[in-house]
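Hello,

Here is the structure for you to look through. Open it first, then read my notes below.

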Amino acid sequence: MKNMKFAVLTFCVLVASAAAISNHWGQRSTKLFWMKDDHKIYSNNFVANPVRGFAVSRDVKFPQYATKFSQNITYIEAIDNFRNSSGGHAMIIAGGPKFNFVHLRIVSQLNQGFSFLIKIYGK
Ligand SMILES: *[C@@H]1O[C@H](CO)[C@@H](O)[C@H](O)[C@H]1NC(C)=O
Ligand SMILES: *[C@@H]1O[C@H](CO)[C@@H](O)[C@H](O)[C@H]1NC(C)=O
């Protein structure tokens, strides 16, 4: 069991250093040991082509309109699909973990596009 944990940790570190600038906020909600009591409520890819002379950006709002029935966000992942140093950067503008909404902004580097997988967990 201990060895397994180590193997999993090592794997995560390798993935993190291979990806350019992935980011995450909050943490998965755990009921008992490894049992998660949140679940994925959103997953989407955002891709932008490079525009010469500009950084491109894209705002992501989830949900489009929050209501009192919207689930509370526990964890957000922004996974950079670029496997080199040209990746963009994802940031939270408003809301996030502990809120029932989030407003993210993805910004590329100058003269670069981006490709991000955004995953949101909630309960
Ligand atoms: C979200 O969190 C608030 C404050 O803790 C709570 O009152 C509300 O019931 C939660 N919403 C859901 C859908 O669980
Ligand atoms: C980095 O990878 C992306 C996606 O594969 C590609 O579009 C971009 O041109 C690459 N950048 C460099 C400097 O190779």
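A residue counts as buried if 20 or more other C-beta atoms lie within 10 Å of its own. By that rule, 17% of the 123 residues in the protein chain are buried. Please keep in mind that this is a predicted model.

**Overall make-up**

The protein chain has 1 helix and 9 strands. Now look at contacts between residues at least 6 apart in sequence. Of these, 74% join residues at least 24 apart.

**The core**

Which residues form the largest nonpolar core? There are 12 of them. The list runs Phe62, Ile73, Ile76, Ala78, Ala90, Val102, Leu104, Ile106, Phe114, Phe116, Ile120 and Tyr121. Strand 9 gives the most, with 4 residues. As background, nonpolar side chains tend to be buried together in soluble globular proteins.

Leaving out residues up to four places away in sequence, Ile73 touches Gly26, Gly96, Pro97, Phe99, Asn100, Val102, Ile120 and Gly122. Val102 and Ile120 are core members too.

In what order do its 4 strands lie? The order is 1-6-9-4, in an open sheet with antiparallel pairing. Strand 1 (23-26) and strand 4 (39-48) are the edges, and each pairs on one side only. From one strand to the next, the twist averages 10°.

Strand 6 is one of them: 7 bridges join strand 6 to strand 9, and the two run antiparallel. Within this pair, Ile76 stands opposite Ile120 of strand 9. Both residues belong to the core.

Strand 4 is the other partner. Here 9 bridges make the link to strand 9, again antiparallel. Val47 stands opposite Ser115 of strand 9.

How many of the 10 residues in strand 4 are buried? The count is 0, and the strand is hardly covered. Strand 9 looks otherwise, with 4 residues in the core.

**Where to start**

Begin with strand 9. Find its 4 core residues. Then follow its bridges to strand 6 and to strand 4.

Best wishes

Conventions: Residues numbered from 1 in each chain as written. Chains lettered and ligands numbered in written order. Predicted model: local features only at pLDDT ≥ 70, side-chain atom pairs only at ≥ 80, totals over all residues. Contact = placed C-beta atoms within 7 Å. Core = buried A, V, L, I, M, F, W, Y, C linked by C-beta atoms within 7 Å. Pairing = 2+ DSSP bridges. Axes fitted to C-alpha atoms, helices over the stretch in contact; angles between N-to-C directions.
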